[in-house]
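Hi,

Here is the structure I said I would pass on.

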Amino acid sequence: MPGTNFQPAGRPPESGADSLPTEQKKHVSRTAPAPVQIEDDRTGMDVETLKRAFLDNLYYIQAKDTERATPYDHFMALAYTVRDRLLHRWLETQKTYLDQDVRSVCYLSAEYLLGRQLGNSLINVGLYGRAQEFLAELGLNLFDLMEQENEPGLGNGGLGRLAACYLDSLATLAIPTIGYGIRYEFGIFTQTIRDGEQVEMPDRWLRYGNPWEIARPEYLVEVKFGGHTESYTGPDGHYRVSWIHERAVLGTPYDTPVPGYNNNTVNTLRLWSARASEEFNFQLFNTGDYARAVADKTESENITKVLYPNDNTWQGKQLRLEQQYFFVACSLQDIIRRYLSNHDNFDQFSDKITIQINDTHPSVGIAELMRLLVDEYLLAWDKAWQITSSVFGYTNHTLLSEALERWPVSLFGALLPRHLEIIYEINGRFLDQVRERFPNDPERASRLSLIQEGSEKYVRMAYLACAGSHAINGVAALHTELLKKDLLKDFYALTPEKFSNKTNGVTPRRFLLLSNPKLALLATEHIGQGWVKDLDELRQLEAFVHDPQFRQRWQQIKLDNKRDLAEYILQFNRIEVDPESIFDVQVKRLHEYKRQLLNALYIVTLYHRIKRNPDAPIPKRTFIFGGKAAPGYFMAKLIIRFINGVAEVVNRDPDVRGQLKVVFLANYSVSLAQRIYPAADLSEQISMAGKEASGTSNMKFALNGALTIGTLDGANVEIRDYVGAENFFLFGLTTDEVAALKARGYNPQDYYQGNPELHEAIDSIARGDFSRGDTQRFKPLVDSLLNHDEYLLLADYQAYVDCQERVAEAYRDREHWTTMSILNAVRVGYFSSDRSVREYCRDIWKVDPVAVGEPSGVPEPV
C-alpha cells in the first residue's frame, strides 16, 4: 500500500472555533449550544455524522467492512467523507459565479505541485479536530491515514508549487478562478538512489485511484494536429482559412475542488487527459494486426503520460509541443464554452475573462485564441486581436535564456500549420509597430521578431507571450529589473507600461499551519488566529522575542521538529543524525546554477580540516540535500552522485566522529518538504546572482524559523530587507560584479591555483577520493570547474567558506541564534501568497472577491 506509518510531530490548528485543538479552545469565546438536530450524512459536520458517513463510504464505496479494511481503504473512506462536504460548497460556488456572471481568472500552468490534499482540505473546511476525534473512537489514527495518500507529481519544482499556492490563496480570498493544466498519468518520476545515482521510476500516483477528482466527459473537446490549411472566401466575402487536420485527439477534463480557508468558496482545478478519437480499429484487429489496432490510442495517450518528456530527441521535442498545445487548446475551448453559456457574442469577453500564462509553456495559447476567434467564430482580425491582447497576462519565471522556449519552424509548421501562419501574421503587424516607433533602428526589429532567423528558423514563444499580453511581470524585484534591463529590454523599451513586479509568495495554511503545527499553536496562543489569513500579523510576535517562556517554547519546538526529521532519516536513509547539530539544508530542483556543487565543495573542505585536525572546534553539522534532476540533464545527475559519494566517505570515516553527516533524501516532494522546513536551522539559497528568478523555498524556510545563507539573488534580496541584514548570512558576487567579472574574462584557474583549500578539495575529487578510486567518474565536474565554471563557484568559494564560518560562530551562541530565528519567522508576512494574489487582482486581473453563501439546492456543474 502507498505511504508509510511515519507520523509527524503535533497536529495543526484549523479554521473555526469548533475545530481548534483543545489547547486553543480557551482562547475562543463560546456561544450557547445550538438545538439538537440530525444532520445530513453527506453534508453534516458534527462528529457522529462524520463517523456515520465514514463507515458508509468504507462499506458502500470501498466495499469493505471494518474487519477487512486496509489503512488505504480507511484513507479513501475519509477522503470521500471530506469530498462530500466540499461538493456542496463547490456546486454552490459555481452557481454563484454563473448567476452573477462574474469576471473570472483562468490560470494556465503546465505544472501544479499540489501536495497531499487530505490534511489541507480538513484544515480549510474546519474538520481536522473532529476527524481526529471520530477516528480515535474507531481506533484509527488520522496521521496514519494521511500518510496513505499518493501525492500527485504534477510539477517539477517551484513553478508548480507556486501555482498550487496561488490556487489556495485565490479560493481563500474568494476570487472566481479556474486553474487549467494537464492530468499527467505518471507525472514527474519517482526518484530512487542506487549506488549513489538517481534512477527514475514511473510515478504511479493514479494506481489506486484519486478520490479528489471528478471526470467530466460531457465537456470533452477535440484537439487537432498536423495537416495543411486552405483559404476560401466566406459568406461575408472576407478571406478565411480552414485547417484540414491530419489527426485529432480528445481531451477529457478531470476536476479537483480547491477549497478556501474558513469560507464557502471552492474553486476548480481542471486537468486535461488525452485519449484517441478512435481508440480501437476493429478491422485491423480482425486481420491480426493487433499493434496497429491500438496504435492511435497509444500515440494519443502519450501526450499526457509524463511531465516534460525528455526533449533531447526530435520525437521528444514534438511530444513536448503537442503536450503544451493540447492543454491550452482544451482550456481555451472550455473557457469559450463557459463564457458563451451566459453570452451571445464576444463583446464582453475581455470584461469577463482574464487569462494568466504561468511561464512560457502556455504561450501558444495566444495563437490558438486568435485561431478560434478568427477561424471558428469568424471575428475580424483586429477585433480578435483586441480581445486576445486584452485577456492574456504573462508571468516570466526565468532569467535563463535557454528556458525561454523556442521551437524549430519546421517542427512547429508540421504540427500546427495554421498557428504558424497566425504567428507570422502577428509578427508582421507587430514589427510594423516597432518600425513606426523606431523608424531608424532596423536592428531593433530583428531583435524583437517573433521568428529567430538563421539556417534553422525558430519561433520565440516568450516573445509571442510578450507581444500578445497586456501585462508582463517578473516574480521578484531583482528579477523584474533584470528582465527590463537585459532579457526583455527591447520589449520594455517598446511598452514599459506592460511591466510590473509581483514577488512570489507561499501559502501559510500548508507551510505553517499544516507543516509546523506546534509553532502555529504557539503563534495562535499569543496573537490569535488572524495570522492564518493575514500573515503580517505574525509581526506582533516580536513583542515576545525576549520573553523567556516564549523563547524556551520556540527552542523546544525546533528541537522536536529536528528529532522528527532525524527519525525519518534513520528510517529511510539508515543514517543516524544528531538533532542537536546544525541542520544545514539545501532542497530544491537540481541545476548547476543553484550551485549544490558549491555546498558539496564546502563539505569536502570541512572534511579535510577534520582529517588534518580531528580536535578542530567545528560545531556538529548535518548537511541535508534533496531534489530531482531532469532525466536528460547529465551534469545535474552527476552532482547527485557526487553528493552521495561525499556522504559515503564522510559518514563512514571514524576520524569524523559524527562531527559531520551528509544526507541525500530521495524523491523530494511537497509532503517531504513539509517535514524538512520546520526542522531546518540553515537554509541554503546560494545560486549565482542573476540566475534565480525568485525562489519560494527561501520563504518557506524563513517562515519556519530557519536562517538563510545566500547571495543577493531572486527574492533573497527582499527577504534580507524584511528580516534585517543582521539576521541573514550574505556572501558572494552581486549581479553587477558577476557581469563585470565575465566581461573582464573569468579564469577559474586563477582561483584554483591561488586557494590552497580549494586546490585540495578539487584535487581530492579528481584522484577519486569520493568515487572509490575511480578517477574518471567525476572528471566532467572537475573539468567543468577548472575550464569553464559558468556559474562562478570558484569565484564565490572563499566568500562562501568565510560566511559558513560566521554561521558556525553564530550557532555557538544559541540564545542569539534563537532571536534571529524568531525574527526571521515573524518578519516574512510580506511573502504570503495571499499578498501576491491581491497584487495580481488589483494591478493585472482587475477582479474582485465574490462572496459565496451557504449552499442551498443542488445546481448543475459548469
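This is a predicted model: local features need pLDDT of at least 70, side-chain atom pairs count only at pLDDT 80 or more; totals for chains, interfaces and linings use all residues.

Let's start with helix α5, which covers residues 128–137. It is largely enclosed by the rest of the structure, because 7 of its 10 residues are buried. Those are Y128, G129, R130, A131, Q132, F134 and L135. What do they pack against? Their neighbours are α2 (47–60), α3 (71–100), α4 (118–125), α6 (142–146) and α21 (508–514). After α5 comes G139, with a positive phi near 80 degrees.

Helix α34 (residues 814–826) is mostly covered too, with 10 of its 13 residues buried. Among them are W817, M820, I822 and L823. From first C-alpha to last, α34 reaches 18 Å, close to the 18 Å expected at 1.5 Å a residue.

Now the aromatic rings. The structure holds 32 aromatic pairs. One of them is F511 with Y677: the ring centres are 5.9 Å apart and the planes sit at 70 degrees, so this pair is edge-to-face. F511 belongs to helix α21, while Y677 is in the loop between α26 (670–676) and β21 (682–685), so the pair ties together parts that are 166 residues apart in sequence. Both F511 and Y677 are buried. Y830 and F831 make another edge-to-face pair, because their planes are at 90 degrees, with the centres 5.1 Å apart. Y830 and F831 are buried as well. There is also an aromatic cluster made up of Y107, Y166, Y840 and W845.

Two arginines are worth a look while you have rings on screen. R406 has its charged end over the ring of Y458, 3.8 Å from the centre. R444 lies over the face of F438, and here the distance to the ring centre is 4.0 Å.

On to charges: how many salt bridges does a search of the whole structure find? It finds 64. In the one between K305 and E185, the closest N and O atoms are 2.8 Å apart. K305 is in the loop between α10 (295–301) and α11 (314–340), and E185 is in the loop between β2 (177–182) and β3 (190–194), so this pair ties together parts that are 120 residues apart in sequence. K305 is partly exposed at 21% relative accessibility, and E185 is partly exposed at 31%.

Is each partner buried or exposed? R418 counts as buried at 7% relative accessibility, whereas E421 is partly exposed at 34%.

D490 and R447 are bridged too, with the closest N and O atoms 2.7 Å apart. D490 lies in helix α20 (residues 489–494) and R447 in helix α17 (residues 442–448), so the bridge ties together parts that are 43 residues apart in sequence.

Last, N501, which you will find in strand β17 (residues 499–501). N501 is partly exposed, at 23% relative accessibility. Its side chain reaches the backbone nitrogen of A476 at 3.1 Å and makes a polar contact with the side chain of T503 at 2.9 Å. Other residues that N501 touches include G474, T480, E718 and E839.

Cheers

Methods
Residues are numbered from 1 along each chain as its sequence is written. Side-chain values use heavy atoms; hydrogens and water are left out. Buried means under 20% relative accessible area, exposed over 50%, partly exposed in between (1.4 Å probe, protein chains only). Helices (H or I, at least four residues) and strands (E, at least two) are DSSP runs, numbered from the N terminus. Contact means heavy atoms within 4.5 Å. Rings of Phe, Tyr and Trp (its six-membered ring) pair if their centres lie within 6.5 Å; planes under 30 degrees apart count as stacked, over 60 as edge-to-face and the rest as tilted. A charge sits over a ring if NZ of Lys or CZ of Arg is within 6 Å of the ring centre and within 35 degrees of the ring normal. The expected span of a helix is 1.5 Å times one less than its number of residues. A polar contact is a pair of N or O atoms within 3.5 Å; within protein, one must be able to donate a hydrogen and the other to accept it, and residues adjacent in sequence count only if both atoms are side-chain atoms. A salt bridge is a side-chain nitrogen of Lys or Arg within 4 Å of a carboxyl oxygen of Asp or Glu. Lists of a residue's contacts leave out its neighbours within four places in sequence.
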